[in-house]
Amino acid sequence: MAPTGPMDIVGRVAFARPEHGGRQQPLVREHHKCVFQIDGANFDCLLDLRGIGSVWPGETKSIPISFLMIKLARPHLRVGAPFTLWEGKTIATGIIESACPTD
């Protein structure tokens, strides 16, 4: 599923190294689906890696992120709020750098 509209937030994302429980392989596709955890809630999200390229474990990058159910996620999306990315285990932690205005 590729995004069809603007991203909902930009997050500064620090991917964990394998020895710290992170992924063994880099993210290499244009989009990556995972679970976004914030304030004790979980939301399906899509990382937009177009223009960023591969993201290796141990790297930190600013990444546009969109949500499958933005109306449910939006109340939690505050600039400066910490979050984690999860796929069976925590693969990254981050901070929301910017959020798109509400509709």
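Predicted model: local features only at pLDDT ≥ 70, side-chain atom pairs only at ≥ 80, totals over all residues.
View 1. A disulfide is a pair of cysteine sulfur atoms within 2.5 Å. The structure holds 0 disulfides. Cys34 is buried, at 7% relative accessible area. Cys45 is buried too, at 4%. Buried means under 20% relative accessible area (1.4 Å probe, protein chains only).

View 2. The 6 strands run in the order 1-4-3-2-5-6, with antiparallel pairing. From one strand to the next, the twist averages 45°. Angles run from 0 to 180 degrees between N-to-C directions of axes fitted to C-alpha atoms. Strands are DSSP runs of E, at least two residues long, and helices are runs of H or I of at least four, numbered from the N terminus. Two strands pair if DSSP finds at least two bridges between them.

**View 3. Strand 5 meets strand 6.** Strand 5 covers residues 82-86 and strand 6 covers residues 90-99. The two run antiparallel, joined by 5 bridges. Phe83 stands opposite Gly94 of strand 6.

**View 4. The chain holds 1 helix and 6 strands.** Its elements follow the order β-β-β-β-α-β-β from the N terminus. The C-alpha atoms fill a box of roughly 40 × 30 × 20 Å along the principal axes. Buried residues make up 40% of the 103 residues.

Residues are numbered from 1 along each chain as its sequence is written. Local features need pLDDT of at least 70, side-chain atom pairs count only at pLDDT 80 or more, totals for chains, interfaces and linings use all residues, and side-chain values use heavy atoms, leaving out hydrogens and water.

Notes: Buried < 20%, exposed > 50% of the residue type's maximum accessible area, 1.4 Å probe, protein only.
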